[in-house]
Amino acid sequence: DDINIAALVGNEQVNEDTDNGDLTSYVSAFIEKEVGNDLKSLKKLDKLIEQMTENKMQLEEQVLTISSEIPKRIQSALKNAEESKQFLNQFLEQETHLFSSINSHLLTAQPWMEDLGAMINQIEEIERHLAYLKWISQIEELSDNIQQYLMTNNVPEAASTLVSMAELDIKLQESSCTHLLAFTRATVKFWHKILKDKLTSDFEEVLAQLHWPFITPPQAQTAGLSRPASTPEIYSNLETLFCQLLKLQTSDKLLTEPKQLPEKYSLPASPSVILPIQIMLTPLQKRFRYHFRGNRQTNVISKPEWYLAQVLMWIGNHTQFLDEKIQPILDKVGPSVNARLEFSRGLVMLVLEKLAADIPCLLYDDNLFCHLVDEVLLFERELHSVYGYPSTFANCMHILSEDTCFQRWLTVERKFALQKMDSMLSSEAAWISQYKDITDVDEMKVPDCAETFMTLLLVITDRYKNLPAASRKLQFLELQKDLVDDFRIRLTQVMKEETRASLGFRYCAILNAVNYISTVLADWADNVFFLQLQQAALEVFAENNTLSKLQLGQLASMESSVFDDMINLLERLKHDMLTRQVDHVFREVKDAAKLYKKERWLSLPSQAEQAVMSLSSAACPLLLALRDRLLQLEEQLCFSLFTVFWQMLVEKLDVYIYQEIILANHFNEGGAAQLQFDMTRNLFPLFSRYCKRPENYFKHVKEACIVLNLNIGSALLLKDVLQSASGRPPATEALNEVGIYKLAQQDVEILLNLRTNWPNTGK
């Protein structure tokens, strides 16, 4: 095949070349390639002719081979096609025959199919009837068994049989046989009532023997728990009846719909209290409704603490009995049920119903509503902390979270918080720290109003932190932020009244208050509760697209917090107030430094001419003013604020002395020595109480004194180096060697030129 293809390609190429009239040029090119201009290569012609002849013969053989094979292949293909046609015709004849046979068979079998279909339908109908009858028979058999067991007083077996019947009822729930369902349910209901009434009566009798319910406190029950010889038998009967009542739980769920409060309270889904506990709760429920419903003297809408305390007392009175006598029974039976929590859940539902009924009546009486909320929160705290009631169960916070009630709660909370803020700021002791006489406690020097305000915010947090919904907590968080902003504005207003006395006691107290609130908010931002709220806020913001992607990213990565906006505003206020104080003290210091600026630095005696160096008399007013203000503000500002204050002041003072005193004068040797003495032995030590190396905060002054007090040789050498190595590393190294790191080279040259004690070199 490859040879044939090559031949065809060769022929095609030759034909194509011929068709294009290029044969002559092809031959010319071929001869040019093989022979060229070299005459000696003509010897190759014989070999070329022989080679070309051989190629020609091969091509002719290939053409002959192909010419002889093609007809055979065509004949073979035609033969195969003819055979395929014959087979196809045979298949078509067979298909026609089969089609007619099938149609004939279907026509013949059609009556049989109709008869058979009718019989199958009848069989299926009979089977359904039979299954229906079997279900009825099974239910009647179970019913008969229960009847026999009851006739022989075999209540446990009767209860077990009723469980089987209830399970059949559950299996039939998806059936469309309404009559069968109704019959089963009616039968279950019939026997359930009989068994429940009998067991309930016996169970209540046993409970009565145990003097249930326990109205007296636990201390008085101790004697009651250790009864005479009949006690073991009573407890044995209690256990038996309790277990039998538990068996009725399945049928009780089918027949009894749990009492639910309206959906607006969004109570979590929970199963009914188990049947034996329901029976144990019945006398307490009767007492509760008797005392706290209707026109009883104990049903006073302004005294919610009465029924809340009563429920807590009942839980406490029965906890020991439930843990010691009932819980072991439940542990034996198997289901993971906590007797005490089931009992508490039943009593809490009474409280929820009572709250749902009372709240609409006192919603618009602020005092009554606020009192109710306070009592409910105290009740919730004791319920969870003392009796271990889980927050996932239905509780009073779900009632308070209902929209109308919750909005009213927010309004009242805001109103009373603002009233409290008014009273705390108008108090005579508003700006006095209550710990002022206790140094260890009074580090922050917090005025009473600020501490009271943060305590108020903390109390609000405690009040709402157990709310079930994060969205409700976020609304309270917004309230807290609004209150912080309101308090900040009030502080700003009071501060503006005190602006003229920016170093006064009240102004400093306001500054301490701002600093304290900012610090506490920053600490709260790392609290787990507020971090969880931050995550909840992040989800809300992401859904509502209320923040940019950058802000969402910062919240998600914990780079920012829920209090950042408030903290930033407080920090800005704090900085403004500190700046005003620094400016005030700085103005006083500048006024006190006027004489010092005019000191005769050119004509002061040298150190050698004085027996002892002493403070310049012109510096005394400056240092006294500075010392007095530092002591005053150290006493009035908290440590962190005072640290920022003196560092800001030193920064301004350093630049002032350098620019206004040093650069504005010329110094002889005595003047330079006096300046250095005044600074290093008098000014710097004023700040040694607040840091170890105060001279490091006066870099300009310290280094200027170094330059002015260099001995002549060192000064000349330094001057030469600076002039010859302007801006190059040797100049920096030379400055560093003498202790100059802050001042630039040009500043040092200026300072050197302020010296007047240069030797007379004749230049």
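Contact here means heavy atoms within 4.5 Å. The structure is a predicted model, where local features need pLDDT of at least 70 and side-chain atom pairs count only at pLDDT 80 or more, while totals for chains, interfaces and linings use all residues. Residues are numbered from 1 along each chain as its sequence is written, and side-chain values use heavy atoms, with hydrogens and water left out.

**Exercise 1.** Find Thr200 and work out what surrounds it.

*Solution.* Start with the helix: Thr200 sits in helix 5, residues 178-209 (helices are DSSP runs of H or I, at least four residues, numbered from the N terminus). Next, check accessibility. Thr200 has a relative accessible area of 13%, and buried means under 20% with a 1.4 Å probe, protein chains only, so Thr200 counts as buried. Finally, skip neighbours within four places in sequence, and you get contacts from Thr200 to Leu245 and Ile279.

**Exercise 2.** Which residues have the most contacts inside the largest nonpolar core?

*Solution.* First, the rule: a nonpolar core is a set of buried Ala, Val, Leu, Ile, Met, Phe, Trp, Tyr and Cys residues joined through side-chain atoms within 4.5 Å. The largest such core holds 198 residues, and Phe453, Phe645 and Leu683 have the most contacts inside it. Now zoom in on Phe453: beyond neighbours within four places in sequence, its contacts are Met421, Met424, Leu483, Val484, Phe487 and Ile517.

**Exercise 3.** Why is helix 25 largely enclosed by the rest of the structure?

*Solution.* Count first: seven of the ten residues of helix 25 (699-708) are buried, so the rest of the structure largely encloses it. Those buried are His700, Val701, Glu703, Ala704, Cys705, Val707 and Leu708. Then look at the cover, which includes helix 23 (639-662), helix 24 (669-683) and helix 28 (745-753).

Methods:
Buried means under 20% relative accessible area, exposed over 50%, partly exposed in between (1.4 Å probe, protein chains only). Helices (H or I, at least four residues) and strands (E, at least two) are DSSP runs, numbered from the N terminus.
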